[in-house]
Structures are given as structure tokens and as C-alpha cells.
Amino acid sequence: TIFQDQYTVKHLKISTLESNANTAVWDGRNMLQSTGYVNDGTYRYRIVASYNNTIDMKEGLFNVSTTGSVTSAGNCAGYKDVKTTSVYCNAVAEMKKLGIFTGYADGTFRPTTLINRAETVKVMMTALKYNVPLTGWYWNSAGFKDVYSGAWYTPYLAAARLYGVIHGYPDKSFKPEKTVNRAEMSKIFLEASSIAQQNVPCVDQPYKDKTKATWFAKYACITKYFSLVDDVNGKFEGAKEMNRGDVAVMIYRAQQQSLLKTLPPKPQINFSLLQQNQFPFKSF
């Protein structure tokens, strides 16, 4: 994996290895920017080798030096606040193309705006191709005491709860306006997409901030292995809040590594056959 600062710019994978020296070739292309190739500078590499549930890792630095001019940045995917040189560009463009994320009426995407729990559910249900009917009796509270019938996100919450993607809090609340941190987002995305079911080898302590003893250790390991989120100076920082651009990049990186190719991951519910009295989560 090639990094620029904390951002991932390229994944390289060799499935069949020889017993001695092996070579991975990188042409300098940047998977996160539509401008194609990376600029001059210092980059970091990480080599991860795994065999029979044993993993080894090595990191180092190297310099990139190119010739030629660098063109000025234009607007990415038509959004006036995302440039083509932005680390979010390719991900944002793909999310727009697939209808997973939508922009705002003023022509902005707002990649650095923090994402809340209601928005997260809508994005995940759309990205992972779950069937979500937007009209009908399921336009209700989904069984959460702080969710009210008529809110734009209630169909997504009701469907997500039936699919087992979300569960809410012990006090029967969902807290739709609460922001989502890296640990929570990793769990939601990896479980809802079934990526969490993959057998991923992991070092005992993948990050400097001791994620091993936490409830999200499994998810931190998987995000590290596939580089779905970027390190923060070598730390996972599970409590760090996620923004719209971060979530777009997480989904995009999973797509680029074909981790979502088997979607939808769970049997789809035929809502036309589901009667209201069969909905297990009653409205408040």
C-alpha cells in the first residue's frame, strides 16, 4: 500500500508469491484523484505478507520525482467545493454516479461536514443495495422512541432494523442526529456488507493506540488490512468523528478492492408481502 501523509493512494496485491524475491510494480497512478498520477514528494509504503494466519509487516519511505507541468485543479464531479486534486475526488465522483451520496442545492458536496447516524444508515443501505421502499406503512418510528413518522430517514431505519443492520441503544432510542465515529462506522459498514466475515490475519496490535482490548478490535484490524480508513499518525483513533468525505472514501476503497462484488450480502425482504402486524418493532 502506498501512502501520501495519512492518505492511501494505491493498493498493490500479489496473490501468488515465490519463495524468494517478489516484485510489485506501481506506475505512479493515484486511485483517489482523477488527475491520474501523484505529484513529486515523499511517500510511505507498507508491505503486508500473510501465510497460514501468520502476518508480517514492513514500512518505509521513498521519493517520487517526475518531469512536466502540473495542471490547475478544476471542480470534481461538478461540486464547487471539491477540486480534482482533492483526496476525496474519485470517491465523491463515484458516489454521485451511483446515487449513494447526493450534494446540496448550492452545488456543494461538503466533504468535511460530519455525518450523523441517520445519514449513515441511508448511505449504507443505498451503497450495499438493500431493498428500501420509500412509501407504505413502514414509514414509521422503526420502534425507536426518538424517531418520528414522517422524517425523511424513517424508511431506511425501518428497513435497516429488519435486515439487522442497526439495533439502537438499550433505552430504545436511535439518536439519529448523533455524529458517527470511526469505530462505529467501521462496525456498521463491515457488518452490513459482510466484509466482517472475511478471515483476515491481523497483528496483535495493528495501531499505536492499543485497539486490541477494545470492542472494535476486530473492525480496526479489518480496516487496517484493507486500508479502508487512514491512520492518524499510526493510530486508529476510534473516537474520531467521520465526515462525508471519509465515508465516501471507505466505500470507494472497498469497491476498488472488489470487497462488495457479492452484494447484496443478505436475502432481500419482499416488503409487499410483509403485513404491518408482522413488523416486530412497534411505533411509539
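Start by selecting R110 and Y104: the charged end of R110 sits over the ring of Y104, 3.8 Å from the ring centre. Here, "over a ring" asks for NZ of Lys or CZ of Arg within 6 Å of the ring centre and within 35 degrees of the ring normal.

A word on what you are viewing: this is a predicted model, where local features need pLDDT of at least 70, side-chain atom pairs count only at pLDDT 80 or more, and totals for chains, interfaces and linings use all residues. Residues are numbered from 1 along each chain as its sequence is written, and side-chain values use heavy atoms, with hydrogens and water left out.

Next, select K224 and Y207. The charged end of K224 sits over the Y207 ring, 4.7 Å from its centre.

Rings of Phe, Tyr and Trp (its six-membered ring) pair if their centres lie within 6.5 Å; planes under 30 degrees apart are stacked, over 60 edge-to-face, and the rest tilted. Both Y207 and F236 are buried (under 20% relative accessible area; exposed is over 50%, partly exposed in between, with a 1.4 Å probe and protein chains only).

Finish at Y225 and F226, an edge-to-face pair with 5.0 Å between centres and 85° between planes. Y225 is partly exposed at 31% relative accessibility, while F226 is buried at 8%.
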